[in-house]
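Student: Could you take me through how aromatic ring pairs are read in a model, one step at a time?

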Amino acid sequence: MKLLLFILNCGVGLVFAGCKPAAQAVSTPKSLPVINVKDFGAKGDGQTNDYASIQKAIAELHRLRSGVLFFPKGNYRVNEVFRQNEKGQVLNNRSHFVFTNLKNIGIRGEKGTVISIKGDFHKKAEWEIKARNAGYSFTQQISFVFNGCRNVVIEDLEINGNVDKMTRDKIVTEGPSMGFLFGESITDENNEVMIRNVYVHHMATDGICWKGKGSGLYMENVVSKNNGRCALSIVQGKNMRFLNCEFSETGLTGKYESHSPNTGVDIENESYTLIENIYFKKCRFVKNKSTQFVATGFDGVGAGRTT
């Protein structure tokens with residue numbers, strides 16, 4: 001199995017040996033320009049739909065190529081969804097909050113900063129695969145998505161996905177409704193990412209997902225809980241360190257229920273690459289619906305194994 005882990009002093013008492021501690025702290029230069037979302041029309045009052053204003057601020061970040069996207073204290077309501085069919089066609093002229101090919105960027109809040117993602121809707125099975133008894137909804141939550149970025153710091157904010165207000169047809173499987181998604185595909189790459197002092201919860205799929213290639217994810221004082229599938233999933237990558245984090249209560253979402261594997265942390269090698277140097281210290285895995293931690297590898301010809 002192409003997987004090397006080092007987990008030390010975690011809340012469930014798991015210990016694996018085989019590598020050195022991973023991913024040192026990442027920081028962005030102090031001289032970066034600050035892009036305040038309120039300067040682009042965001043209200044943060046918990047009532048106004050701030051989606052368009054946040055997108056304008058992200059566009060300005062792309063124009064500058066680096067900088068800090070700043071959310072002052074407030075509740076920023078994102079009252080939009082992303083609609084995309086099975087052919088990849090966007091159906092509603094909306095998109096995720098996407099950051100592409102940027103270097104030295106930050107997403108920063110402060111005490112009391114909440115980004116409230118729309119969750120009060122029903123996921124209907126709009127495309128069915130009867131052989132698998134599975135259905136896919138074209139409607140997904142707005143996510144923070146990173147492709148081709150380097151030296152990223154995300155800190156001091158809360159992401160509330162409101163999945164406890166969501167329902168779905170029973171056969172609907174998971175879709176790209178993540179708090180933070182690093183790599184829309186397994187060919188995308190991100191490097192040197194720090195997430196600290198962040199609370200991400202009640203997303204329909206994962207709180208945090210590292211899907212693409214890359215190295216250097218560092219998380220400290222991050223809580224990911226009450227998400228539909230995983231608190232944290234890692235599909236590939238190396239040199240990752242998690243300190244004083246909590247991955248808990250996956251699958252406890254209300255009427256929406258959950259998606260397999262219903263776990264705290266899922267290291268799922270779907271890319272046939274080496275996942276290595278993953279280090280957890282003083283982390284908690286609590287009350288996840290299924291397992292607290294699962295790691296799956298492949299033997300080179302596609303047969304999966306779980307440990």
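**Reading the aromatic rings**

Tutor: Ring pairs link Tyr51, Phe97, Phe99, Phe144, Phe146, Phe180, Phe182 and Trp210 into a cluster. This is a predicted model, in which local features need pLDDT of at least 70 and side-chain atom pairs count only at pLDDT 80 or more, while totals for chains, interfaces and linings use all residues. Residues are numbered from 1 along each chain as its sequence is written, and side-chain values use heavy atoms, with hydrogens and water left out.

Student: By what is a pair of aromatic rings described?

Tutor: The description rests on the distance of the centres and the angle of the planes. Rings of Phe, Tyr and Trp (its six-membered ring) pair if their centres lie within 6.5 Å, and planes under 30 degrees apart count as stacked, over 60 as edge-to-face and the rest as tilted. By this rule the count comes to 16 aromatic pairs. One of them joins phenylalanine 99 and phenylalanine 144, which is stacked because the centres are 6.3 Å apart and the planes at 10°.

Student: Which strands hold phenylalanine 99 and phenylalanine 144?

Tutor: Strands are DSSP runs of E, at least two residues, numbered from the N terminus. Phenylalanine 99 is in strand 7 (residues 97–100) and phenylalanine 144 in strand 14 (residues 144–147), 45 residues apart. Phenylalanine 99 also forms a stacked pair with phenylalanine 146, at 4.9 Å centre to centre and 10° between the planes.

Student: Are phenylalanine 99 and phenylalanine 146 buried or exposed?

Tutor: Both are buried, a term for under 20% relative accessible area with a 1.4 Å probe and protein chains only, where exposed is over 50% and partly exposed lies in between.

Definitions and conventions:
Helices (H or I, at least four residues) and strands (E, at least two) are DSSP runs, numbered from the N terminus.
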